[in-house]
Amino acid sequence: MSSRVRRWLVALGGAGLAALLAAACLRLPGFGGDRHPYGDRAVGAALSRHTANTVSSVTFDQRGFDTLGEMSILFAAVLGSVVLLRQTRDEHRARPEPAAVSRPVRRYALLVLPVALLTGLYVIAHGQVSPGGGFQGGVVAATALHLLYLGADYRALERLRPLAPYEAADALAASSYLVTGLAALLAGSAFLANTLLPYGTFNTLASAGTVPLLNAAIGMEVACAVVVLLAGFLDQAVEIVDEGENDGSGRTGGTAANDGNAANDGNAANDGIAADGGDHDDSGKRGK
């Protein structure tokens, strides 16, 4: 296919999309009016399934398939970042020196950390009854952990968030979202249809059917994905250095190797001197 044909195809596709968008805008209700057909349908569907938060009902029930696509985009982005930011053969890890942290920053960062973490978990758990949900709460919970980097040092953060469990939890959360959708399909309903569990009591945690399950899966996936993503960037910025770069101790990888070679050469020279001295002494004794 020539470049001219490709340009024509792009132009035709863009023109068709623009025509569809223009036709849709012409059919929109008047701005500021009292007629909101989509909103009325969304609120009605949320109330019929005992979901107090209409936004969560739209996200995890009425448009659950769209949310699956958004989760897949985040998962793929994190996977690509991990591949691109991985340590290569010409790089090594240099343990960073602890940085001096002022006392107010240390105090307030360590005080806010548990509060922010609990806030993120609360937002995830109450996504079906109050504003928030898995996307917002997952980001809050993940970034709360990194307050330890501000209040202490990077080594303390690494001890708190070993990457292997977070990577496994990320994959498990993404899989659980898919499994919930397939379970509805096997039960004789549509993929991700909210028909597996009872709707429960309105405005309680045990309500909205499968919305809390999908919301929790998204919260877990987003939190773990953000942790893994930030770990890749922080490792590159703090620990991983090229072989010829300074490792934080004032020496480069090449300098350290040269120092080792110099030390070996010096030891060899000393051994040679000692051997020569011993030979001279022996010859002197023999001469006597």
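A residue counts as buried when its relative accessible area is under 20%. Keep that cut-off in mind as you look through these close-ups of a predicted model.

**Figure 1. Serine 57, a buried residue in helix 3.** Is serine 57 buried or exposed? Its relative accessible area is 0%, so serine 57 is buried. You will find this serine in helix 3, which covers residues 54–62. Setting aside residues up to four places away in sequence, serine 57 touches Ala46, Thr51 and Gln62.

**Figure 2. The whole protein, with its helices and strands.** Let us step back for a moment. How many helices and strands does the protein have? There are eleven helices and two strands. Reading from the N terminus, the elements follow the order α-α-α-α-β-α-α-α-α-α-α-β-α. Of the 288 residues in the protein, 30% are buried. Now think about contacts between residues at least 6 apart in sequence: 69% of them join residues at least 24 apart.

**Figure 3. Helix 4 and helix 9, side by side for a closer look.** Two packed helices are described by the angle between their axes and the distance between the axes. Here, helix 4 spans residues 64–84 and helix 9 spans residues 163–186. Their axes come within 11 Å and cross at roughly 160°.

**Figure 4. The residues where helix 4 meets helix 9.** On the helix 4 side, the contact is made by Gly64, Thr67, Leu68, Met71 and Phe75. Helix 9 contributes Asp170, Ala171, Ala174, Tyr177 and Leu178. How do the residues of this contact divide? Seven are nonpolar, two are polar and one is charged.

**Figure 5. Aspartate 242 and its contacts in another part of the chain.** Aspartate 242 belongs to strand 2, made of residues 240–242. With a relative accessible area of 30%, aspartate 242 is partly exposed. Which residues does aspartate 242 contact, once neighbours within four places in sequence are left aside? They are Asp90, Glu91 and His92. Take Asp90 as an example: aspartate 90 and aspartate 242 are 152 residues apart along the chain, yet 6.1 Å separates their C-alpha atoms.

Figure 6. Start with histidine 50, in the loop between helix 2 (37–48) and helix 3. Histidine 50 has 28% relative accessibility, so it counts as partly exposed. Now find asparagine 203 in the loop between helix 9 and helix 10 (211–239). Asparagine 203 is partly exposed, and its relative accessible area is 46%.

**Figure 7. Residues 248–288, where pLDDT stays under 50.** For the protein as a whole, the mean pLDDT is 84, and 84% of the residues reach 70 or more. Over residues 248–288, however, pLDDT stays under 50. How many contacts beyond four places in sequence does the model have for this stretch? It has twelve. Where pLDDT is low, the predicted coordinates should not be read in detail.

Technical notes. Residues numbered from 1 in each chain as written. Predicted model: local features only at pLDDT ≥ 70, side-chain atom pairs only at ≥ 80, totals over all residues. Heavy atoms only, no water. Axes fitted to C-alpha atoms, helices over the stretch in contact; angles between N-to-C directions. Helix = DSSP H or I, 4+ residues; strand = E, 2+ residues; numbered from the N terminus. Contact = heavy atoms within 4.5 Å. Nonpolar A, V, L, I, M, F, W, Y, C, P; charged D, E, K, R; others polar. pLDDT = per-residue confidence, 0-100. Buried < 20%, exposed > 50% of the residue type's maximum accessible area, 1.4 Å probe, protein only.
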